[in-house]
Amino acid sequence: MALDGPVLEVRDVAQSFSTEGFGTRLIYEHVSFSVTAGEVFVILGGSGCGKSTLMKQIIGLLPPTAGSVRVLGHDMYPGDDRGDVLTRIGVMFQSGALFGSMTLLENVMLPLQMHTDLPEEARVALARAKLGLVGLADSTELLPAEISGGMAKRAAIARALALDPPLLFLDEPSAGLDPVTSAGLDQLILDLRDILRATFVVVTHELASILAIADRCLMLDRGAHGVIALGDPRALRDGSDDPRVRAFFRREAA
Amino acid sequence: MSATLSVSTEDGATVLRFTGRMDAAGIAGIWTQTMRAAAEPHEGALVADLAGVALCDTAGATLLLGAEARHGGPIGLRGQEAGLDTLLDRLRRAPPPPQPTPAPGWTFTSLARLGLRAAGGGIAYLGEVAVALAMAPSRRRMLRLSDLLRTADEAGVRAVPLILMLGFLIGLILAFQSAVPLQRFGAEIFVANLVSVSLLRELGPLLTAVILAGRTGSAFAAEIGTMKVNEEIAAIRTLGLDPMTMLVLPRLLAALLVMPALTLLMDASGIAGMSVVMQALGYSPDAIAIQIRQTVALGDLFGGLFKAMMFGAAVAAIGCRCGLAAGNGPRAVGQAATGAVVGGIVAMVLLDGVFAVLFYLLGW
């Protein structure tokens, strides 16, 4: 769906958690960015800087302590029409979060069954096609417990793709995958962006993946409690003045 | 905007003309129509005209591939957007789904092998428990006292209110139900004998063990099953430690320790419940006490407590075994917990039968 303006807008978002006992622990504050249609936007940063927390806020699972999130032109908080937005975004969780009692095919078929009137034959064909796209055409009848971690991630991507959403969120899609599968996944993201003009927001800290797919990236830092860099990752790697950004891209110990 | 389909013939070729949005929601209404149109015998080529299509994503592409499969040969495309050919290529590249292999039928041999394997697994487990018990003195470090005390607290102390309440109510109900028929013969006084003997010898240990199986056996299975799913058991082994000593023995010993205490409380509260009914029928506490003393010997009490210990050991051992034998995934944990409760209750009833025969032979 063509949308005027950005598909995702994050304005001045902050997140803190109350610690046991007294006080609050600030994760980040003053985080602002927007993503335009057809872009591959990467959220990166070291462990514990709040990448996954930020993604949870964007997809409507965690109200921010301050600030606002607009997805596909709708406010996620208070989010009166969040249900409508959720059928137009796809989310892949870090662990895959596949439903353990369903086969991979049934996992991918579930959103089709719930949100479309497609006949059974069409749902099966479509779910098989999505699993084929991520290289799991021969594993459709397996249960999540019977497949490897990498396969579970790919199956989760297939489920996120089920309704061909214009905006996809992937949390650490290539972590724990072998380099060949990981490169294949990067290519899939680029292909889907080109073919379907889908927008991707990817949380990752895999350098190779970031440089291969990202049009722009946002870097969070645990010590700075917020954004320390925003822009083209190649430009940041080659020309950032911030030593933390340089260290990240050059894989130097902090 | 849903997609629409119209079929026409142009220069001998059948043209499927699509319009609108060919996404998952859009193609729902035209899927069956498209498949039917593609499956009909065509003299010339089959062409899909996509000039009027606003969007064609993987759902639309899957529809075109489905039509191609029904047609039995390639279909021509015209008016499509540039990306669609690439998408169709990508989808075509996926290998066909595997043919499901028929499950082997049950034969007497396969059933017998399965039964033997299950029995063998059970015997091997008992052997491992025995070895762990025998080796416990030399593996004192692995046998963590804190684990034993925590389990005893969860299985024992926290079950006390439930045991007291159920024991009291069961004593009350038993006494009331037996008082009604005995009253016809003027023998209500024997309600005390009946209830105290049945509680001390049978019902006390059995009911306590049922509660232990429901509360604790299932918890053991779920906890150890989750550890298995999270590969914690594998981690214990690779650290050079023994899961039997670290996980099973503390639970087994805790169950052995708490069962006699819980059973004693169950017996006492049951007799208290019975006393309430007896007093309501007009008997003094002294009369009730005399009746009980005349009927019940210490052997009845200790026999019951011994049985309770054995039931507790069986429930704990089966709970841990179900956890250790759990498969992968959250479903496996649920199955392990169910298996622990069912297995525990069946085992305790079987054991009770064995004890009944044994006590009879021993003249208790």
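Is B:F168 buried, partly exposed or exposed? B:F168 counts as partly exposed, because its relative accessibility is 32%. (Buried means under 20% relative accessible area, exposed over 50%, and partly exposed in between, with a 1.4 Å probe and protein chains only.)

## Basis of the model

This is a predicted model: local features need pLDDT of at least 70, side-chain atom pairs count only at pLDDT 80 or more, and totals for chains, interfaces and linings use all residues. Residues are numbered from 1 along each chain as its sequence is written, chains are lettered from A and ligands numbered from 1 in the order in which they are written, and side-chain values use heavy atoms, with hydrogens and water left out.

## Nonpolar patch on chain B

B:F168 sits in helix α6 of chain B. (Helices, H or I with at least four residues, and strands, E with at least two, are DSSP runs numbered from the N terminus.) B:L162, B:M165, B:F168, B:L169, B:I173 and B:V276 make a nonpolar surface patch of about 490 Å². Helix α6 (residues 160-183) of chain B gives the largest share, five residues. Patch residues have over 30% relative accessible area and no salt bridge; like charges are joined within 9 Å, nonpolar side chains (Val, Leu, Ile, Met, Phe, Trp, Tyr) within 5 Å. Accessible areas come from the Shrake-Rupley method with a 1.4 Å probe, and for residues only the protein chains shown count as cover.

B:L166 also lies in helix α6 of chain B. B:L166 is partly exposed, at 27% relative accessibility. From C-alpha to C-alpha, B:L166 and B:T208 are 9.4 Å apart in space, yet 42 residues apart in sequence.

## Four-stranded sheet of chain A

Strands of a sheet pair through backbone hydrogen bonds, either parallel or antiparallel. An open sheet of four strands in chain A runs β2-β1-β4-β5, with antiparallel pairing. (Two strands pair if DSSP finds at least two bridges between them.) Its edge strands are β2 (24-35) and β5 (74-75) of chain A, each pairing on one side only. Strands β1 (residues 8-18) and β4 (residues 66-71) of chain A share five bridges in the antiparallel sense. A:L8 has A:V71 in β4(A) as its bridge partner.

Helix α1 (residues 51-58) of chain A packs on this sheet and touches β1, β2 and β4 of chain A. (Contact means heavy atoms within 4.5 Å.) The direction of helix α1 makes about 120° with that of β1(A). Axes are lines fitted to C-alpha atoms, for helices over the stretch in contact, and angles run from 0 to 180 degrees between N-to-C directions.

## Six-stranded sheet of chain A

Another open sheet in chain A has six strands in the order β6-β7-β8-β3-β9-β10, with mixed pairing. The edge strands, β6 (89-92) and β10 (226-231) of chain A, each pair on one side only. Direction ignored, neighbouring strands of this sheet are turned by 15° against each other on average.

Strand β9 (residues 216-221) of chain A runs antiparallel to β10(A), joined by five bridges. A:C217 has A:G231 in β10(A) as its bridge partner. Helix α5 (residues 149-160) of chain A lies across β6 and β7 (167-171) of chain A, at about 170° to β6(A).

## Salt bridges

The whole structure holds 34 salt bridges over all chains. (A salt bridge is a side-chain nitrogen of Lys or Arg within 4 Å of a carboxyl oxygen of Asp or Glu.) A:R244 and A:D221 form one, at 3.6 Å from N to O. A:R244 is in helix α9 (residues 243-249) of chain A and A:D221 in strand β9 of chain A, so the pair ties together parts 23 residues apart in sequence. A:R244 is partly exposed at 37% relative accessibility, whereas A:D221 is buried at 16%.

In chain B, the closest N and O atoms of the salt bridge between B:R139 and B:D242 are 2.8 Å apart. The pair links distant parts of the chain, 103 residues apart: B:R139 in the loop between α4 (108-135) and α5 (145-155), B:D242 in the loop between α8 (232-238) and α9 (243-280). B:D242 is buried, at 15% relative accessibility. B:D153 and B:R158 meet at 3.0 Å, N to O. B:D153 is partly exposed at 27%; B:R158 is exposed at 54%. Salt bridges with shared partners join B:R144, B:D147, B:R150, B:E154, B:E223 and B:R251 into one network.

## Hairpin of chain B

Strands β1 (residues 4-10) and β2 (residues 13-22) of chain B pair antiparallel over seven bridges. B:T4 has B:T19 in β2(B) as its bridge partner. The two strands form a hairpin with two residues between them. In the turn, B:D11 has a positive phi of about 50°.
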